Amino acid sequence: QVQLVESGGGLVQAGGSLRLSCVASGSIFSINVMGWYRQAPGKRRELVAGITSEGSTNYADSVKGRFTISGDNAKNTVYLQMNNLKPEDTAVYYCNAVEFRPRQDAIHYWGKGTLVTVSS
């Protein structure tokens with residue numbers, strides 16, 4: 001089992017910045033990929049950014065050039081630096097960890113989420 005705890009959300013004006021943190025605990029050695037998803041009111045949850053255990057990253061087109069995902073293995077923490085925030089970035093942001101097991105479906109772990117509100 002993996003437990004994920006997010007922090008860093010809040011209210012910010014458009015153009016501002018926030019940094020989200022996600023601390024992982026438990027069977028962290030089993031994690032292959034970590035990422036951030038978000039869900040705005042009335043919308044589906046979507047991938048924002050992901051990072052593999054090798055350090056490869058990927059981003060949603062809507063956040064490329066503005067958001068940066070990074071990890072600190074010593075602290076078991078993944079960060080999402082969000083710059084030049086826009087009102088459409090308003091959402092609950094969820095930390096996600098994925099464990100791949102041979103011949104089984106991937107296992108997803110989720111944090112409880114942290115709210116980011118961007119005012120215009």
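**Exercise 1.** Where is the place of arginine 66? Describe its surroundings.

*Solution.* The model is predicted: local features need pLDDT of at least 70 and side-chain atom pairs count only at pLDDT 80 or more, while totals for chains, interfaces and linings use all residues. Residues are numbered from 1 along each chain as its sequence is written, and side-chain values use heavy atoms, without hydrogens and water.

Step 1. Arginine 66 sits in the loop between β6 (57-59) and β7; strands are DSSP runs (E, at least two residues), numbered from the N terminus.

Step 2. The relative accessible area of arginine 66 is 9%, so the residue is buried (under 20% relative accessible area, 1.4 Å probe, protein chains only).

Step 3. A polar atom of the arginine 66 side chain lies 2.9 Å from the backbone oxygen of serine 62. The backbone oxygen of asparagine 84 is likewise 2.9 Å from a polar atom of that side chain.

Step 4. Leaving aside neighbours within four places in sequence, the contacts of arginine 66 (heavy atoms within 4.5 Å) include Met82, Asn84 and Asp89.

**Exercise 2.** Which strands are the edge strands of the open sheet of 4 strands? Follow the pairing from there.

*Solution.* Step 1. The strand order is β1-β3-β8-β7, with antiparallel pairing; two strands pair if DSSP finds at least two bridges between them.

Step 2. β1 and β7 each pair on one side only, which makes them the edge strands.

Step 3. β7 and β8 pair over 6 bridges in the antiparallel sense. Isoleucine 69 has leucine 80, in β8, as its bridge partner.

Technical notes
Buried < 20%, exposed > 50% of the residue type's maximum accessible area, 1.4 Å probe, protein only. Polar contact = N/O pair within 3.5 Å; in protein donor to acceptor, adjacent residues only side chain to side chain.
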